[in-house]
Structures are given as structure tokens and as C-alpha cells.
Amino acid sequence: MKFSVIFEAQLADPTVEREHQVIRDCVEQAVFAERMGFDRIWAVEHHALKWYAHLSAPEVFLTWVAARTNTIRIGHGVVCMPFRFNHPVRVAERAAMLDLLSGGRLDLGAGRGGTEQETSLFGVDRERTTAEVEEALRIIGRAWQDEELEYHGELLDIGPHPVLPRPRQTPHPPLFLACSREETLVQAAELGVGALVMGFAGPESIARMRSVYDAAIAGRDGSRLVSTAVNDHFSVLCPTIVLDDGAQARRIGVRGQRFFAQSIGHWYGGAGVPDEAVVAGADEDKEMRRAAEQVVARLHEQDIPVRPSSTATFNAEHAYGTAEDAIAHVERLRQAGADEIMCLVQMGTVEQEACMETLRQWGDTVIPHFRLRGL
């Protein structure tokens, strides 16, 4: 099992000064993660999503981190793959350069960047995003394996050209796809790419998603594979704050996750502006439940069906508490089928001190617990 840290660069009260500081803080966390024994970092591309994600150029962030580290893998995931965000050949060129300069440490994930806020900024056709992501992965896989790329597809037509440089890893860096629904899990399996899974709903949901992914792998005939290099890796998001004071860790973590849920809901579901106020001594579990109830009420008002996924981001049963609490939660995720635990530590209201202490506790106690068992 692998362990990683994922970055969105979230922040409450996003002044210019705080924005600059949070990105520097993310660099500090990423470099520290290598010292603490993490296998990988992930950086997510989003655009114009104030509060939720200020990491609009992860390729630059990851290059900066790669230059300051030696062994940790560099997860460029996800890249917004619709063509008006990033032309597939430009993705292949930039990613190969980073793989080369990092000594072959790159992993590349794809996503749609499907919010109206993002697509309207670049003129992306939201109806084409799923098809464009798949075609982009197909083009990138071919560009990294053929001496000259020539591609004649339904959406793009590219005459013979060399795509330079070639990546350090052979035949190329592992490919992944962001998966939040069963349809995308099936798509990832049939394309032969790893799954980057949102894990907010808990271990039971993860087990169901893993079964969908495995069934699609077992049933694929190879006709949709995007490369000869197949990657069946299943990575699961794990919100976490770990401190010696478990109760305090839970308050900080649940508050951070509530901000995460509110900010993602603002851009993906038309919810209100996230609540930035942090009230000392507040019952965060109660506030989280109240926030989920507000989401349900708003969906009913708009005559939108309420599905289990509607409030999944408000589920607060995660790796919050002491190192022992985190170990128990990770064990449940492992049994559910996780190949990798993607630690979500940097949430909008979580101070840098708590982020760094969480990474230290994982490195000192949580990760060694599983390494020593050979898991």
C-alpha cells in the first residue's frame, strides 16, 4: 500500500497575502512529506475556484517541489484535459520534461475541470469534456510511445510530428483518471488507467467502488486501452488531521472538511459562499450535520434529486484524532480495497502547524505501522 498527500491550495479569507503564503506552505508540506516517508504527492489543477483551489499551475508547483526532493513521486493529477484547457500534445511535452528532470518520478492524472466557472473561463464545451479527456489520454499514450505522433480521431486530427522530449520512464509515466462516479470507474478500467477516487462517503462506499472497478477490469477486452502500459492502481482520498490531543485534532479536521465541503458545493452545486468564521469551542460535528441538512433542503427547494453522493463530503468519519485513530481508519480503507491512501490535510481553515504535525505523526507512527507488517 502507498501513502500520498494531495494539495488543492485551499484557503479561507483569500487575500493576496494569504494566497501567497498558503502556496508556500504547500511547498513546505510537500518537501516534508518526503522526509516523513510518503510515497507521492498529488497537485490538482483548477481555475478561478476561489476558496476551493488556488493551485492553477500545478506543473510549476510540482517542478519546484521536484527540485527540492529526491525520492518522492510527483503526481500531476489531475490535469484538466479538455482541449481548451490544455492541448494534449502540450500536456505530453510538459509532463515528459518534468519526468525527465525529476529522474522519472512523475505520475499523470486526467480530469474534466467540469464546473461552469472553469469551463466558461476557457470556452470549454461542457458536453464534450468526457470525450475530450478520453481522447487526450489516447493521444498522450501514443505520443510517448511512437517515434512520431500521428493521430486521426473523432475530435482531433494530428499529422506526423515528433513530440519532444521523451519521458524518462519507459514506456511512459503511469496514467490515472479522477473518478467520482461508477461510470468514470468503468471508464478508467476500460482505458487501462488508475483510479483517483474521492473517499468522503467512507469505507463501505470505497468497497463498492472497488468492486465496480475490478469488475470492469475483469470484463474489458482491451479495445479501449489508451496505452500498452496498463495501470490498475486504486487510490483513495483520506481526509486527516492527527495530533496528540485527539479531540482537538477532530475539531480542527471536521472544521477543515466543512470548509472543503462548503467551498466545493459553492462551485459544483450553486451553494452559498463558504462559512469562513472559525468559532473556538464550537461543536464541529453538530455544525457539519447542520451544513449537510442545509444542502438537502436546498436540493429539495430546487427540485433536484437527493442522492447519497449529495452529502458525502459532509461525512465526518475519517482519520481524525490520534495516530491510533488514523491507523484504524486506514485499516478499514485497506480492507475496502485501497492501493493508496491520499491524505487530504491542507483544508481551508487548517493552520500550517496542524498540517505539519499531522504529516509528522503519519511519518512517525501511521505509515511505519503498515510498512512493518509488509502491507
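## Contacts of I341

Leaving aside neighbours within four places in sequence, I341 is in contact (heavy atoms within 4.5 Å) with M1, K2, F3, S4, V236, C238, V330, L333 and W362. This is a predicted model: local features need pLDDT of at least 70, side-chain atom pairs count only at pLDDT 80 or more, and totals for chains, interfaces and linings use all residues. Residues are numbered from 1 along each chain as its sequence is written, and side-chain values use heavy atoms, with hydrogens and water left out.

## The nonpolar core

I341 also belongs to the largest nonpolar core, which has 121 residues. Such a core is a set of buried Ala, Val, Leu, Ile, Met, Phe, Trp, Tyr and Cys residues joined through side-chain atoms within 4.5 Å. Buried means under 20% relative accessible area, exposed means over 50%, and partly exposed lies in between (1.4 Å probe, protein chains only).

Which members touch the most other members? They are F38, F61, I341 and W362. Helix α11 (residues 352–371) gives the largest share of this core, eight residues. Helices (H or I, at least four residues) and strands (E, at least two) are DSSP runs, numbered from the N terminus.

Strand β3 spans residues 73–80. Seven of its eight residues are buried, so the strand is mostly covered by the cut-off above. In a regular strand the side chains alternate between the two faces of the sheet.

β3 pairs with two strands; pairing requires that DSSP finds at least two bridges between them. β2 and β3 run parallel and are joined by four bridges. There, R40 has R73 in β3 as its bridge partner. β3 and β4 also run parallel, with five bridges between them. I74 stands opposite L106 in β4.

The chain crosses from β3 through helix α3 (residues 88–101) to β4 in a right-handed β-α-β crossover. Right-handed means that, with the strands pointing away from the viewer, the path from the first strand over the helix to the second runs clockwise. β2, helix α2 (residues 58–66) and β3 also make a right-handed β-α-β unit.

Side chains of opposite charge can pair when their charged atoms come close. A salt bridge here is a side-chain nitrogen of Lys or Arg within 4 Å of a carboxyl oxygen of Asp or Glu. How many salt bridges does this rule give? The count is 23.

One of them joins R40 and D107, with the closest N and O atoms 2.7 Å apart. R40 lies in strand β2 (residues 40–43) and D107 in strand β4 (residues 106–111), so the pair ties together parts 67 residues apart in sequence. R40 is buried at 7% relative accessibility. D107 is buried too, at 1%. Salt bridges that share partners join R40, R73, D107 and E340 into one network.

## Two further pairs

E190 and R224 meet in a salt bridge at 2.4 Å, N to O. E190 sits in helix α6 (residues 182–191) and R224 in the loop between α7 (203–219) and β9 (234–242), so this pair ties together parts 34 residues apart. Both are partly exposed: E190 has a relative accessible area of 24%, and R224 has 27%.

D275 pairs with R258, the closest N and O atoms being 3.4 Å apart. D275 is in the loop between α8 (246–269) and α9 (284–301), while R258 is in helix α8, 17 residues apart. Buried or partly exposed: which describes D275? D275 is partly exposed, at 32%. R258 is buried, at 4%.
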